[in-house]
Amino acid sequence: MSKALQFFTPKASNSNGAIFIDTGISAGFPSPADDFRETRISLDEELITNKEATFFAKVNGQSMIGAGLDDNDLLVIDRSLEPENNKIAVCFLDGEFTVKRLKVRDNEVWLQPENPNYPIIKITEENDFVIWGIVTSVIKKV
Amino acid sequence: MYALVDCNNFYASCERVFNPSLQNKPVAILSNNDGCVIARSDEAKNLNLPMGAPIFKWESFCKHHKINVLSSNYPLYGDMSARVMKILEHFTPDVEVYSIDEAFLEFKGFDEYDFNEYGKIIRKRILKWTGIPTCVGVAPTKALCKVANKIARKFPKETGGVYVIDTDEKRIKALKWTAIKNVWGIGRRLQKRLEAKGCKTAFDFTQLTDDWVRTNFSITEWKLKKDLEGIPTIALEIKEAKRSIATTRSFEYTYSDIENIKERISTFAASCAEKLRDQNSSCHMIIVMLSSDRHKKDAEQHSASKTVIFPYPTDSTLSITKAAVEAVKTIFKTEIKYKRAGVIVTGLVPTDNHQLNLFLHENPKHRPLMSAIDRLNKKYKTDTIKLANQDLQRTWKMKQERLSPKYTTKINDIITVK
């Protein structure tokens, strides 16, 4: 059986709106599904493991198009994760936020774009540089 | 043991997380309506920009010293504060959120812990996860935590941002270092009286006799003295809900007509009522305040307040605004240019367990109406539904000319990365 696409129903919102309760006052047979009710899938829960350390950012430009990060995509950033070689990180470099793949080798840090039109950046002591957070997911409109 | 975790220059630090180019540069944050300076970074403090400086007088000073002046972004500070406080709960279940940027932690049964090490882990995690720098003071009592925290803040290199008072020797040394005016809860009046008595430091204060302190001051100061002696007396207060809620603002212009004032008071009262319902409280009492512009020395000055007590606790926007408007009418004087007004609701009780009063209670019809209003305002946008006496021609936007984006609470305001 093909399982190329699997469908889920997302959780709509946390609205406290009135709930229509249709499973029986006293008459009739109760719904057999009642005992098996589960909470709906929540994208918040799927995409965010550490709420306190998670922030969002929007992509501007196409320097990371090869990694699937396109203009206007939404990034989920977890600040609590440790920067490691090959992770995609949001960095603050010389007055600007940037998203690139981290390359760490022999005590050198490089920011690797995923687009042949952009150069790889070597971080030196002259740079004003901070690794702000690690990208864990990309959300895009299609 | 207790700890006090205090965020360094919290408002400026929040701005720096999302605008790291402000790092190491002087930053000042303005009050609501861009009135005066309410928070400063260390760099701005070192330039001697005073707390409370009215910005219109200090504009050229700020320009000259390249101070980055920003409007206060409370949605951002509130969210960052909530993150910090939540992280603190990882370290102990007993957390007292003391203010937007500080919390007391109590460590029960942590006897074997190395608190210096633990404090460093707390600091490091908050900094890494949120970007907010903190200082941690650890001691056997809350008042001593305050002292320890000041030491950690004052000597970052020596302490690494964490200071533990765990011996009597350290306690005495710390108290001798602490000027009486810097002791937690010692206000200016108390300071004068204590200095007259020869108390220059916190240590001198602990050398007074218990009797003298109790006769000349109050139980509060006596408790403070015990706490400073290292005997835990001031307990952790886990706040379930706020004890009073205030909405006070300066107006962008001055107003001398009752219609505009009535509108402002209605809006403030409605905002208080909404906050009450949000924390599931009702109030017994409201205080309405009105005052003229203190900075205009040549204009006639008037400020007054009026307290209204309800016969039963209420959280209804209708009842609270009605009472507030009636109250402001009684204190309003013609010919005065008013600049500031406020509504405070107090005497709060949980809404679900009002004392039963057989004959007096809030009109039960208000409840479903209020929850419908709250639901619509939350779902669509703030103030979708409001009373007809609020916002006459919507001339009332808060003055926030230098506001940073709401980076964590509005999707269109999140940071962009290249």
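Predicted model: local features only at pLDDT ≥ 70, side-chain atom pairs only at ≥ 80, totals over all residues.
1. E335(B) sits in the loop that links α14 and β12 of chain B. Phi is positive, about 75°, although E335(B) is not a glycine. Most residues other than glycine have a negative phi. E335(B) is exposed, with a relative accessible area of 69%.

2. N9(B) belongs to the loop between β1 and α1 (10–18) of chain B. Is N9(B) buried or exposed? N9(B) is buried, because its relative accessible area is 14% and the cut-off for buried is under 20%.

3. Now the overall layout of chain B. Domain 1 covers 13–71, domain 2 covers 77–228 and domain 3 covers 245–380. The centres of domain 2 and domain 3 of chain B, taken over C-alpha atoms, are 36 Å apart. N9(B) falls in the loop between β1 and α1, and E335(B) in the loop between α14 and β12.

4. One sheet of chain B has four strands. It is open, its order is β9-β12-β10-β11, and the pairing is antiparallel.

5. Helix α14 (residues 317–331) of chain B lies across β10, β11 and β12 of chain B. Helix α14 runs at about 150° to β11(B).

6. Strand pairing in this sheet can be followed residue by residue. Strand β10 (residues 281–292) of chain B pairs with β11(B) in the antiparallel sense, over eight bridges. M289(B) has S305(B) as its bridge partner in β11(B).

7. S319(B) gives a local view of helix α14 of chain B, where it lies. S319(B) has a relative accessible area of 15%, so it counts as buried. What does S319(B) contact, leaving aside neighbours within four places in sequence? The partners are F310(B), T314(B), E362(B) and H366(B).

8. A second open sheet of chain B has five strands. The order is β5-β6-β1-β7-β8, and the pairing is mixed. The edge strands are β5 (94–99) and β8 (162–164) of chain B, and each pairs on one side only. From one strand to the next, the twist averages 15°.

9. Strand β7 (residues 134–139) of chain B and β8(B) pair in the parallel sense over three bridges. G137(B) stands opposite Y163(B) in β8(B). Helix α4 (residues 74–88) of chain B packs on the sheet. Its contacts are with β1 (2–7), β5 and β6 (102–106) of chain B. The direction of α4 makes about 10° with that of β6(B).

10. Check one helix pair in chain B. Two packed helices are described by the angle between their axes and the distance between the axes. Helix α6 (residues 142–154) and helix α8 (residues 168–177) of chain B pack at about 70°, with axes 10 Å apart. That angle makes α6(B) roughly perpendicular to α8(B). From α6(B), the contact uses L144(B), V147(B), K150(B), I151(B) and K154(B). From α8(B), it uses R171(B), A174(B), L175(B) and W177(B). By class, this contact of α6(B) with α8(B) has six nonpolar, no polar and three charged residues.

11. A39(B) lies in strand β3 (residues 37–40) of chain B. A39(B) counts as buried because its relative accessibility is 12%. In sequence, A39(B) and A12(B) are 27 residues apart; in space they are 7.1 Å apart, C-alpha to C-alpha. Not counting residues up to four places away in sequence, A39(B) touches Y11(B), V27(B), A28(B), I29(B) and M51(B).

12. Last, chain A. How many helices and strands are in chain A? There are one helix and seven strands. Along the sequence the pattern reads α-β-β-β-β-β-β-β. Chain A has 142 residues, of which 30% count as buried. Among contacts in chain A with a separation of 6 or more, 54% come from residues 24 or more positions apart.

Conventions:
Residues numbered from 1 in each chain as written. Chains lettered and ligands numbered in written order. Heavy atoms only, no water. Domains from an automatic or database assignment. Pairing = 2+ DSSP bridges. Helix = DSSP H or I, 4+ residues; strand = E, 2+ residues; numbered from the N terminus. Contact = heavy atoms within 4.5 Å. Axes fitted to C-alpha atoms, helices over the stretch in contact; angles between N-to-C directions. Parallel < 35°, antiparallel > 145°, perpendicular 65-115°, else oblique. Nonpolar A, V, L, I, M, F, W, Y, C, P; charged D, E, K, R; others polar. Buried < 20%, exposed > 50% of the residue type's maximum accessible area, 1.4 Å probe, protein only.
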